[in-house]
Amino acid sequence: MQFTESPEQKELRSSVHRFLAERSPSTAVREQMETVAGYDDAVWKQLSVQLGLPALAIPEEYGGAGFSFVEQCIVLEEMGRALYCGPFFATAVLAATALLKSGDEEAKNRYLPGIASGETIATLAFTDDSGGWSGNGSGLSAADGRLTGHKNFVLDGHNATLVLATARTAEGMFLYAVDGHAAGLTATALPTLDQTRRLARLEFDGVEAELIGPAEGPLAATLDIAALALAAEQLGGAQAALDMAVAYGKLREQFDKPIGSFQALKHRCADLLLEVESTRSAVIYGSWAVAEDADEVPVVASLAKAYASETFFHAAAENIQMHGGIGFTWEHDAQLYFKRAKASELLFGDPAYHRERLAGRIGI
């Protein structure tokens, strides 16, 4: 593996960075926070058609571009840096990975081309009211090809036209595909701390569903990859918070000197830089492990998610402190990163949850 980016990967990062800076600045993010959908459909179509981002990590035989998880993590890092509001994570990470890991060729051929083109907005519903992220909860049952019950905390569940849901039967837990507009399916957007990422509750009342296959193995693999993908997004957010703090330290003066020249703030920024770069190393190694389908993915995923969660939250909190009073205001973007950091810390399991999993996976 290599820790430096190839010329093609640098160009990808640059293209996504420019696109999001132009089409999804913080002013646009704030506008989308106020909408029901929570994202700009025109921007979604542009990043799907012009940049081909949902197709990036999907194999070519299913309509994708055939790149690896390394390139997808570059995109996610830039999206985290810009606080992009959109169904990319739910569609291109959760749903696409669950299908790829399902082993069902018919389902892959049927659904992945639509996901790759951006025409299908998809999600994975696997959590119940307990808020546990292991995917072992109950809440939804299947019988005779129909689903009854509910799922909670579903990413972009109210926007999805394709819902992949785990449901229990007498034989175990299975993965089903459901039309997002199917009769009997009700999606309700949930109030969230982080308004830049939407969650929903899905109610199933005898909803017709297509059986894909056993859920346990594909779901476990998907959640490990999702944890690494979220760590990449958190890395981008942490870098943005650090950049904001450093820029303000150079601009704001006290006693006729920039406040960034004072040793106390220098040390705090240096500590943050160390944490961000350590997180970057963990994300790069984890993305390589997924791309190579290495056995250590479960271990690296929990390690990266735990560390990235703490780094992003620390960077976002320090950014507010270094901005003084204005950092706490609604008008300043520092609070958007703080809320994203806290919500992302809990999404797919907090650091304590992942450290426990890490200890178990390495046999401690």
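Predicted model: local features only at pLDDT ≥ 70, side-chain atom pairs only at ≥ 80, totals over all residues.

Me: Ok, into which domains is the chain divided?
Reply: The chain is divided into domain 1 (7-117), domain 2 (122-214) and domain 3 (218-362), with bounds that come from an automatic or database domain assignment.

Me: What area is buried between domain 2 and domain 3?
Reply: About 1300 Å² is buried there, with carbon and sulfur atoms giving 69% of that area; buried area is the accessible area (1.4 Å probe) that two parts lose on being put together, summed over both. On the domain 2 side, W133, L193 and R197 lose the most area to domain 3, together 43% of what that side buries.

Me: And how many salt bridges between domain 2 and domain 3?
Reply: The count is two, a salt bridge being a side-chain nitrogen of Lys or Arg within 4 Å of a carboxyl oxygen of Asp or Glu. R197 also forms a salt bridge with E233, where the closest N and O atoms are 2.6 Å apart.

Me: Switching to pockets: what volume has the largest pocket?
Reply: Its volume is about 420 Å³. Of the 18 residues that line the largest pocket, A57, L100, K101, I225 and V290 are the closest to its centre. On a 1 Å grid over the protein atoms alone, a pocket is an open set of points where a 1.4 Å probe fits, with protein on both sides within 12 Å along at least five of seven lines, and lining residues have an atom within 4 Å of a point. Points are joined across faces, edges and corners, and the volume is the space filled by probe spheres set on them.

Me: Which helix gives the largest share of that lining?
Reply: That is α5, with five residues; helices are DSSP runs (H or I, at least four residues) numbered from the N terminus.

Me: Where does the second largest pocket lie?
Reply: Domain 1 and domain 3 both give residues to the lining of the second largest pocket, so it lies between them. The second largest pocket is lined by 21 residues, and F3, E5, Q9, V70 and I284 lie nearest its centre.

Key:
Residues numbered from 1 in each chain as written. Heavy atoms only, no water. Helix = DSSP H or I, 4+ residues; strand = E, 2+ residues; numbered from the N terminus.
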